[in-house]
Amino acid sequence: IAASTEAVVALDDYAATGSVAAERTLAYHRAIAARYVAQQLGYDEFEMVAAWSSAPLGHQRAVLGAMTQIGVPYRTNTSIEGEGFDCSGLTSYAWQGAGVELFRNSTAQINDAEPITRETAKAGDLVQYPGHVMMYLGVGDAIVHSVMTGRTVELDTISERRVNSVRFGDPTA
């Protein structure tokens with residue numbers, strides 16, 4: 001979504017300059033993107049905005065980077081901006097924008113991350129069940145992921161049948 005792209009530009013500008021104007025621009029576009037996600041998934045808009053704005057800057061950059069790829073097709077073994085992603089390709093791409101290199105395998109990504117609980121997970125943290133990795137959006141079961149052939153990078157919620165078997169991890173710890 002366009003607000004995510006604008007927020008990435010503003011976040012990068014803010015990180016480089018510390019400018020109040022860039023911080024305001026970031027807050028504005030981040031809020032629009034978070035509100036859109038909340039509306040799409042049926043979550044409280046203010047809760048989503050608060051979750052994103054309270055996350056560390058690297059986490060924010062990863063979330064917003066992933067959001068810029070909504071609608072990009074699933075492609076096996078791919079991590080190419082605007083062209084295609086598999087699940088670990090999307091998380092690798094998003095976190096690379098935040099300066100964090102991840103392995104290109106879902107199990108390796110979660111095994112390398114600091115184990116955390118659902119209660120301590122922040123927007124941008126990894127969520128994984130065997131064979132699939134996603135990015136947590138900070139509220140409820142909200143995620144962004146690239147799930148399978150025939151689909152795209154999309155907003156979703158953790159599958160009810162998987163909700164008790166997922167692992168959460170912080171790739172920055």
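**Notebook: salt bridges and cores**

I started with arginine 151, which counts as partly exposed at 32% relative accessibility. For my own reference, under 20% relative accessible area is buried, over 50% is exposed, and partly exposed is in between (1.4 Å probe, protein chains only). I'm working with a predicted model, where local features need pLDDT of at least 70, side-chain atom pairs count only at pLDDT 80 or more, and totals for chains, interfaces and linings use all residues. Residues are numbered from 1 along each chain as its sequence is written, and side-chain values use heavy atoms, with hydrogens and water left out.

Next I looked up the partner. The side chain of arginine 151 meets that of glutamate 154 in a salt bridge, 2.4 Å from N to O. The rule here is a side-chain nitrogen of Lys or Arg within 4 Å of a carboxyl oxygen of Asp or Glu. Glutamate 154 is buried, at 16% relative accessible area.

How many salt bridges does this rule give? I got eight.

I then checked arginine 35 and glutamate 45, whose side chains form a salt bridge at 2.5 Å, N to O. This pair links distant parts of the chain, with arginine 35 in helix H2 and glutamate 45 in helix H3, 10 residues apart. Helices (H or I, at least four residues) and strands (E, at least two) are DSSP runs, numbered from the N terminus. Arginine 35 is partly exposed at 41%, and glutamate 45 is partly exposed too, at 22%.

Aspartate 141 and arginine 118 came next, with their side chains in a salt bridge of 2.5 Å, N to O. Aspartate 141 sits in the loop between E5 and E6 and arginine 118 in the loop between strand E3 (114-116) and strand E4 (126-129), so the pair ties together parts 23 residues apart in sequence. I also noted a salt-bridge network linking Lys122, Asp125 and Asp170.

Then I went inside. The largest nonpolar core has 40 residues, and Met48, Trp52 and Met135 are among those with the most contacts inside it. Such a core is a set of buried Ala, Val, Leu, Ile, Met, Phe, Trp, Tyr and Cys residues joined through side-chain atoms within 4.5 Å. Among the elements that each supply at least two residues to this core are helix H1 (2-17), helix H5 (87-96) and strand E7 (153-157). A second, separate core has nine residues, including Met134 and Val166.

Last, I looked at methionine 135. Leaving aside neighbours within four places in sequence, methionine 135 is in contact (heavy atoms within 4.5 Å) with residues including Ala62, Trp95, Asp125 and Val144.
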